[in-house]
Amino acid sequence: MARALARPALLAAALLLAACDGTQPLIKHEPKQPGPFPEADRPVATIVSSRWSTEEARDRLNEASRVMDLAEIRKGMSVADLGAGEGYYTTRLASRVGAEGRVLAEDIVPAVRDALAERVTRERLENVSVRLGMPADPRLPENSFDRILMVHMYHEIEQPYEFLWRMRPSLRRGGLVVVVDANRPTRDHGTPPALLKCEFAAVGYAQVDFREMRSAGGYFSTFRAAGPRPDPAAIRACRINDEAKAG
């Protein structure tokens with residue numbers, strides 16, 4: 001009887017050993033292949049909050065209105081708000097572009113995206129869509145946006161070259177990427193202007209405008225697509241000492 005009971009146990013053990021012999025892994029892992037895009041040669045800031053400052057404080061400085069004026073955002077435009085957070089820009093963009101315009105608000109944190117979606121519903125912003133983005137890919141539809149806003153979030157992008165490369169086809173003819181950030185090292189939640197310009201240029205963007213903008217916490221810059229989009233393997237990471245350039 002004992003032998004009869006032992007046989008199934010021995011058989012199970014034999015099958016387990018066979019499964020662990022290296023030929024048939026119990027958990028199949030996809031091989032991790034190196035991507036074609038270069039790594040950023042700089043620190044990447046961690047996401048610490050969905051709020052850069054209070055909306056009341058920002059409105060006292062006329063931040064959103066000033067940024068939208070400089071970006072020439074008008075009625076009927078289609079605008080993407082990347083890293084939308086709690087929706088400071090999203091709600092004000094919705095009013096600026098009007099019923100004939102569209103705003104796509106995106107964040108990579110599911111809880112933040114959900115909270116923003118609730119706000120959009122509560123405030124009945126019918127010209128706003130909310131979606132979840134990916135850290136290295138905003139997943140924007142091609143030829144869809146007149147403006148793409150990236151406010152106090154660029155320094156948090158882990159794969160800037162891939163992100164910018166995948167974002168580029170979503171711009172319409174004459175479309176602009178609008179970046180607002182602080183002039184300090186990326187580890188300190190900012191992006192030195194020279195580094196920003198270099199990383200955008202590496203993926204085929206030309207800087208259109210740059211100006212100091214203390215009311216928005218740093219500077220305002222815009223970029224447009226220029227020339228063909230480079231092959232990912234041909235992109236070269238910027239070798240800039242961001243601490244030196246921040247001064």
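A residue is termed buried when its relative accessible area is under 20%, exposed when over 50% and partly exposed in between, with a 1.4 Å probe and protein chains only. The model is predicted, and local features need pLDDT of at least 70, side-chain atom pairs count only at pLDDT 80 or more, and totals for chains, interfaces and linings use all residues. Residues are numbered from 1 along each chain as its sequence is written, and side-chain values use heavy atoms, with hydrogens and water left out.

Rings of Phe, Tyr and Trp (its six-membered ring) were paired if their centres lie within 6.5 Å, with planes under 30 degrees apart counted as stacked, over 60 as edge-to-face and the rest as tilted. Tyr88 is buried, at 4% relative accessible area, and Tyr89 is buried at 3%.

Phe200 and Phe223 form a stacked pair, because their ring centres are 4.0 Å apart and their planes stand at 15 degrees. This pair links distant parts of the chain, 23 residues apart, with Phe200 in helix α7 (residues 193–202) and Phe223 in strand β7 (residues 218–225); helices (H or I, at least four residues) and strands (E, at least two) are DSSP runs numbered from the N terminus. Phe200 is buried, with a relative accessible area of 0%, and for Phe223, also buried, the value is 0%. Together with Tyr154 and Tyr205, Phe200 and Phe223 form one aromatic cluster.
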